[in-house]
Amino acid sequence: MAERMGFFTDTSVCIGCKACEVACKEWNDVPDDGFVFRATSYDNTGSLGADTWRHVAFIEQDGRWLMSSDVCKHCTQAACLDVCPTGALFRTEFDTVVVQPDICNGCGYCVPACPYGVIDRRERDGRAWKCTMCYDRLRGGMEPACAKACPTDSIQFGPLDELRERAEARVERLHADGVLEARLYGESPDDGVGGDGAFFLLLDEPETYGLPPDPVVTTRDLPDMWRWAGGAALTLAGAVAVSFLRVSFPRVPFLQASFLRRR
Amino acid sequence: MAECHPVGYQWVMEARDRGAKVFHIDPHFTRTSATVDRYLPIRAGTDIVLLGALINHVLANELDFREYVLAYTNAATIISARYRDTEDLDGLFSGFDPETRRYDPASWSYEGDEPGEGEPREGGIRHAEAAGSDSYGARGAGASAQPPADPTLRHPRCVYQILKRHFARYTPERVAELCGISEEEFAELAEAITANSGRERTTAWVYSVGWTQHSVGVQYIRAASILQLLLGNMGRPGGGIMALRGHASIQGSTDIPTLFNLLPGYIAMPHALRHDGLDHYLEQEGADTGYWGNRRSYLVSLLKAWWGDAATEDNDFCFGYLPRLTGDHSHYATVMGQIDGTVKGYFVVGENPAVGSANGKAQRLGLANLDWLVVRDLTLVETATFWKDAPELETGELRTEDIGTEVFFMPAASHVEKEGTFTNTQRLLQWREKALDPPGDCRSDLWFYYHLGKLIRQRLGGDRIDRPVMELTWDYPEEGEHREPSAAAVLREINGTGPDGRALSSLRQLKPDGSTTCGCWIYCGVYAGEVNQAARRRPGSEQSWIAPEWGWAWPANRRILYNRASADPDGRPWSERKAYVWWDADKGLWTGLDIPDFDEHMPPDYRPPEGARAEAALAGTDPFIMQSDGKGWLFVPSGLSDGPLPAHYEPHESPVPNTLYGQRANPARRILDRPENPYNPPMSSRFPYVFTTYRLTEHHTAGGMSRPLPYLAELQPAPFCEVSPRLAAEVGLVNGGWATIVTARTAIELRVLVTERVRPLRIAGKVVHQIGVPYHWGYGGGGMVTGDVPNDLMPIVLDPNVFIQESKAGTCDILPGRRPHGRALLDLIERYRHG
């Protein structure tokens, strides 16, 4: 396997130009996301989804206008991949997570599995779509389109270890400059998803940017849940045997596992 | 800059990362404001108050770079005793004629340089007729090379003292009162730029059309020039005033101009009545000292490039073949000519005036009154489709069946479908290769005009009147199945050739005798050594930080103009940190990182002999080589139509009085008071709000290149206005809802974005609300996102120097909800006009 590659998105130098959104769509042939005036600052694409794989958030605060380009996190422990029944989602030699559209059957299990709400089904064809970190470009020795287009190097692409070092240094620099609110998000291998392949430098709480503060791989408790479900099934079967009622197996709610998780 | 030049803005971010402090001064809080050290909101149309106060701060506290100012500017020069300042005349300069609303600039002269009775004078009345002052973009008008001066700067009529008096009333209190910038904010800005200027440090200013599109726009830039000269920030690395252009190669289109009053290289277009022949023209246009002293060489070489062997000494090198001006033929004058029926045909190339120009209704009424119209563009822009979808059809002001205009739409190749150069704002020519063939019938502009020229020549005969066209050199090599003319051959023609037919390498080789050709004298050298220098792409990592082998900069591949000023009068760098070019006494030549401004062997102690001409008339200490006296002009003795110094005037449409002078607005501004172009009365309670237009990153100008593209259109899908929460509450506007903005021209509807980024300002004791309106949308034009045209709100009122419209500061009313349609719209406007 090649070195693990990733994104470091430094929102402290994002100028909100959306070149990443456009370059991503151009390269990956992603359709438009509708023409809706949302009246939410300068954001008219709303969120990441099947038709928006890079999304620039605009957050207006008192005297501050935060901009941040969001993307699939390419989690170390990727629930979307865990739950995919067809093998359409796979981990590449770059340690990124990619959907193969010719294999995806549109079951949609991956959609609620994502703790970030990234992967999404496209209404027009039913299949699941998300950022591939430009898998084809990586195989061709090129950086992803969004990073290539970013004029201020807010989006940096490279070996994840290198990016983490660079990010640490950047935070230190910002702290030294008095930007004490600078913090990293998704860089730690100890977090609930084992660390993100795409992590961020933020200037406020993650929730401010619409990011979950404490994401956990939604399949983390799956073994426990299976055990629980198995036990429940046995109990139920016993109860059924006792009461002579029709046997039915409980529907295991692993797709909703994200709502059950507790740390 | 982050909004409209995100790619260039990366270097501002880089500078910040290296410790530069960045201020952003703008009526509305943009993506730039979000990423700088300090944002200062300002009322649109008041920048001269701010810049004037900075100048006053420098002068009053003697913070100017005195050695630089004395040696390199006209601070010591003594001005005519006949000069009267705005201080004396309550906002007017001497020489104003209220009848014609024009200035006679005779009294602004250097002492001893005043013209006699009836003698022509550059600038003022004559130039205002045809924006003659526009042709001073790169040159000084005529003035003495060695005018009387007082190096002690104490003479009451020396420029320094005049400046001190003129700007004394521009105080921080006035800035607070008129601009809405607090005294504390002003103090921070003033301290930052003065502390960051001098021997060791330089400060740069960056502006765009937020400074130019005013009825006093040229004087905004003048004010910045004065400040930068006083602080010693011109001709030095890290200094200067950077004009950001509206899109790619706008600089190129002024160098090789699309402007009506210029020939290539800023040579003034001859006038039908003022210029009899070549000699007479050359006598009248420009000074004999400084580099313009060689203008015969520049013009004769141009005529030789255009008419080849037909151009001879005996026939004035075909000078008589050049078109002639008879007055103002600028964009807005042309549109009025269309409405009046005097202009019958119109070429519109890569432009969309039906949406992009001020007062869209006047534009469309003009288009509808033509015999023929040629539109060349990538898509069917509104200028090509007005006859079937203009808003005037709905109101009944136009009917398709009444429109006689024959419209020819010619699909154009995009910039990636043809080769050629872009010239950017740093005068850098960069050659582009063709990436792919244009689809279908799309062709390059070069192809279009070349083959159109050939067709026209086929139809002309041997009549004398046809000779200017028949004798043109019109023979470029043709390539490929569509017979595309060679762009490289055109660039080589622009570069010029010597008597041996080889490409010239320097503009110093140009001759006045017809032995050289050159299509644009400032571009001479771009094909030096028969090599396309603009195509050079040596990586920055392989050369000095000047990167002289990336592309080619005019003139002479010089990366910073007037770089003589980067060294002290003796030729030594002002500081090691800011060393750029310097005099090497041992070798007896100028050396350093860049190409020096003049003959590299000219020593700093060179003093011109009596009667010297051209560059020989300037001393070895004169950096501003295009000026007749080689000095940076703090005070402009000639060449401007509205005064030798900047003065604050309120915009033509403004909600408050001018509290600086009795004179409210620029007295020389060009007003087109016609039924198609009604104005809002100033200080009118019917139009209480200030509005300003601007661009967003997501779209390009009038939208012709972005609205038809889904990936751009979805990012900003509807026309909208930006208003403060306070104004929204006062008027009843709802975020995401609709608003109608009304001016005397028309009313448009657009969506509402309520944002804290727009702040009400306290101006002259009252709260002034500003409304921001991005102007990218139109009613059709193949756009995926359509809407009313923001520029329809704009009046046509013009700067008198360059005839640019005042589209950055107007007044309006705003109402909640959508506008009426049809006849009811006209009724609404009628009620507003007549109160």
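Is B:Arg427 buried or exposed? In this predicted model, B:Arg427 is buried, because 21 other C-beta atoms lie within 10 Å and the threshold for burial is 20 or more.

I begin with the interface. Contacts link 25 residues of chain A with 31 residues of chain B. On the side of chain A that touches chain B, the elements contributing two or more residues are α1 (19-28) and β3 (64-71) of chain A. Of these, α1(A) gives the most, with five residues. By class, that side of chain A comprises twelve nonpolar, five polar and eight charged residues.

Strand β1 (residues 5-10) of chain A runs parallel to strand β10 (residues 198-202) of chain A, and four bridges join them. One pair to locate on the structure is A:Phe8 with its bridge partner A:Phe199 in β10(A).

Turning to chain B, let us consider helix α2 (residues 47-60). This helix of chain B has 14 residues and spans 20 Å from its first C-alpha to its last, close to the 20 Å expected at 1.5 Å a residue. Of the 14 residues in α2(B), 13 are buried, and the helix is thus mostly covered. After α2(B) comes B:Glu62, with a positive phi near 50°.

How does this helix pack? Helix α7 (residues 172-179) of chain B meets α2(B) at an angle of about 170°, and the two axes are 9 Å apart. Because the angle is over 145 degrees, α2(B) counts as roughly antiparallel to α7(B). From α2(B), the contact involves B:Val49, B:Leu50 and B:Ala53; from α7(B), it involves B:Pro172, B:Arg174, B:Val175, B:Leu178 and B:Cys179. This contact has seven nonpolar residues, no polar residues and one charged residue.

Further along chain B, three strands form an open sheet in the order β12-β13-β16, with antiparallel pairing. The edges are β12 (420-423) and β16 (552-553) of chain B, each with a single partner strand, so one side of each is left without a neighbour in the sheet. Four bridges pair β12(B) with strand β13 (residues 428-432) of chain B in the antiparallel sense. Here B:Phe422 has B:Gln430 in β13(B) as its bridge partner.

This brings us back to B:Arg427, which lies in the loop between β12 and β13 of chain B. Most residues other than glycine have a negative phi, and most peptide bonds are trans. B:Arg427 is not a glycine, yet its phi is positive, about 65°.

B:Tyr562 is buried, with 22 other C-beta atoms within 10 Å. B:Pro555 lies in that loop between β16 and β17 of chain B, and a cis peptide bond joins B:Trp554 to B:Pro555, with omega about -10°.

Finally, β17(B) and β18(B) form a hairpin with four residues between them, and B:Gly588 in the turn has a positive phi of about 70°.

Key:
Residues numbered from 1 in each chain as written. Chains lettered and ligands numbered in written order. Predicted model: local features only at pLDDT ≥ 70, side-chain atom pairs only at ≥ 80, totals over all residues. Contact = placed C-beta atoms within 7 Å. Nonpolar A, V, L, I, M, F, W, Y, C, P; charged D, E, K, R; others polar. Pairing = 2+ DSSP bridges. Expected span 1.5 Å × (residues − 1). Buried ≥ 20, exposed ≤ 12 C-beta atoms within 10 Å, placed from the backbone. Axes fitted to C-alpha atoms, helices over the stretch in contact; angles between N-to-C directions. Parallel < 35°, antiparallel > 145°, perpendicular 65-115°, else oblique.
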